[in-house]
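Visitor: I'm new to reading protein models and would like a tour. Could you take me through this one, feature by feature?

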Amino acid sequence: MVKYTYICPVGTSLLQNFINNPKWKDFITEFKDLRIEVWPKLSPDDPLNAVPNGYICSIVKGHELFDALLEFLRLSPRDACAEANGIYGIRDCYGHSPKDVEIFLYNTRTCNSRLCSSVIEEFLRSEGYLVQRIEIAALRSVDDFELGLIDVLDKVVRLVRKRRSEGIRVYINATPGFKSEVTFLVIASILAGANAVVYIHESFKTPINLPIPPLAVNTELLSGVLKLFKDVACIDTYYVRRVLGDELVSNMLDLGVLKLKEDKVCIREWIKYLTT
């Protein structure tokens, strides 16, 4: 029976550490023509990395590189990737048994993050954990940023709230992943009721149980905004300022709850996910 849920974002540290390890130098040479040395840092739109047809997406269980990554991870999990290091850190802090833990791996919709996630999933299952992978949108540009945040909120907040309602304690592994996604994932998880956030800094290797401040969405402050934008996304700027007042509108623009678009004020859709 599951007693604990770990939420773990997935980046590309497994790939990076594997490529940098001199013991695998000869093996890695076989993939030089495919620019393997830059795989961990490829953009989401790079032909090698774009889902679904990027070459890296073809590396699945049974492929020699998948198997090599898995062996590398098994030999020294803590050193191999930030994801395993952070998961072990949570286990060390709280003494959980793998049979009592379910782990949700959140990888971005990119081939390199997907590859790392699938190798880590295989490893964790062999350790006795119940594992599920969830894919979130990759942030390709400023224009995509809000859609990416909505995807994180939808897939993380919903899960945290559901598990907490079932009496399951939720722990966030804040060590791995891409900075923009992880920052928002941690904040969203705290707002949704996560029990603890654990982080391991690379310089001292010791898990830190980050303090969780009593964060909450100020629904009283937002009530007028949400009511005005209940059925529409954008409204004439003059009308919004007349209804809400200049000070509140300016505050909401500074906080990123509202945004200006030509001669209109628009609500950012992600705020609705934190107030429902």
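This is a predicted model: local features need pLDDT of at least 70, side-chain atom pairs count only at pLDDT 80 or more; totals for chains, interfaces and linings use all residues.

Visitor: What is the phi of Arg-35 near?

Guide: Start with the general idea: most residues other than glycine have a negative phi, and most peptide bonds are trans. Now the case here: Arg-35 has a phi near 60°, a positive value in a residue that isn't glycine. Arg-35 is also partly exposed, because its relative accessible area is 35%, and that falls between the 20% and 50% cut-offs.

Visitor: Which other residue has a positive phi near 60°?

Guide: Glu-262 has one, and it isn't glycine either. Glu-262 belongs to the loop between strand S8 (258-261) and strand S9 (264-267). With a relative accessible area of 80%, Glu-262 is exposed.

Visitor: You brought up peptide bonds too. Which residues does a cis peptide bond join?

Guide: Look at Val-51 and Pro-52: the bond joining them is cis, with omega about 10°. Pro-52 is in the loop between helix H2 (25-29) and H3, and that loop also holds Arg-35.

Visitor: Let's zoom out. How many helices and strands does the protein chain have?

Guide: The count comes to 12 helices and 9 strands. The C-alpha trace spans about 70 × 45 × 30 Å along its principal axes. Of the 276 residues in the chain, 48% are buried.

Visitor: How do I read a helix that has a buried side? Which residues of H9 are buried?

Guide: Here's the general idea: an α-helix has 3.6 residues a turn, so residues three or four places apart point the same way. In helix H9 (residues 219-228), the buried residues are Leu-222, Val-225 and Leu-228. Looking down the axis of H9, you'd see these buried residues fall within an arc of 115°, so they line one face of the helix.

Visitor: And which residues are exposed on the other side of H9?

Guide: There you'll find Glu-220 and Lys-227, both exposed.

Visitor: On to charges, then. How many salt bridges are there in the whole structure?

Guide: A search finds 15. To read one, check the gap between a side-chain nitrogen of Lys or Arg and a carboxyl oxygen of Asp or Glu: within 4 Å, the pair counts. Arg-91 and Asp-92 make such a pair, with N to O at 3.9 Å. Arg-91 is partly exposed at a relative accessible area of 24%, and Asp-92 is partly exposed at 43%.

Visitor: What does the salt bridge between Glu-135 and Arg-114 tie together?

Guide: In this pair the closest N and O atoms are 2.8 Å apart. Glu-135 lies in strand S3 (residues 130-136) and Arg-114 in helix H6 (residues 111-126), so the bridge ties together parts that are 21 residues apart in sequence. Both partners are partly exposed: Glu-135 has 22% relative accessibility, and Arg-114 has 25%.

Visitor: Where do Asp-154 and Arg-158 lie?

Guide: Both are in helix H7 (residues 142-165), 4 residues apart, or about one turn of the helix. Asp-154 is partly exposed, with a relative accessible area of 21%, whereas Arg-158 counts as exposed at 56%. Elsewhere, salt bridges with shared partners join Glu-102, Lys-162, Arg-163 and Glu-166 into one network.

Visitor: Which residues form the negative surface patch?

Guide: Asp-26, Glu-30, Glu-64, Asp-67 and Glu-71 form it. Helix H3 (residues 64-75) gives the largest share, 3 residues. Asp-67 lies in H3 and is partly exposed, at 36% relative accessibility.

Visitor: One last thing: how many residues apart are Cys-234 and Leu-124?

Guide: In sequence they are 110 residues apart, and in space 46 Å, C-alpha to C-alpha. You'll find Cys-234 in strand S7 (residues 234-236), where Cys-234 is partly exposed at 30% relative accessibility.

Conventions
Residues are numbered from 1 along each chain as its sequence is written. Side-chain values use heavy atoms; hydrogens and water are left out. Buried means under 20% relative accessible area, exposed over 50%, partly exposed in between (1.4 Å probe, protein chains only). Helices (H or I, at least four residues) and strands (E, at least two) are DSSP runs, numbered from the N terminus. The arc is that of the directions from the helix axis to the C-beta atoms. Patches are made of residues with over 30% relative accessible area and no salt bridge: like charges are joined within 9 Å, nonpolar side chains (Val, Leu, Ile, Met, Phe, Trp, Tyr) within 5 Å. Accessible areas come from the Shrake-Rupley method with a 1.4 Å probe; for residues, only the protein chains shown count as cover. Lys and Arg count as positive and Asp and Glu as negative; His and the chain ends are not counted. The place of a charge is taken as NZ of Lys, CZ of Arg, CG of Asp or CD of Glu.
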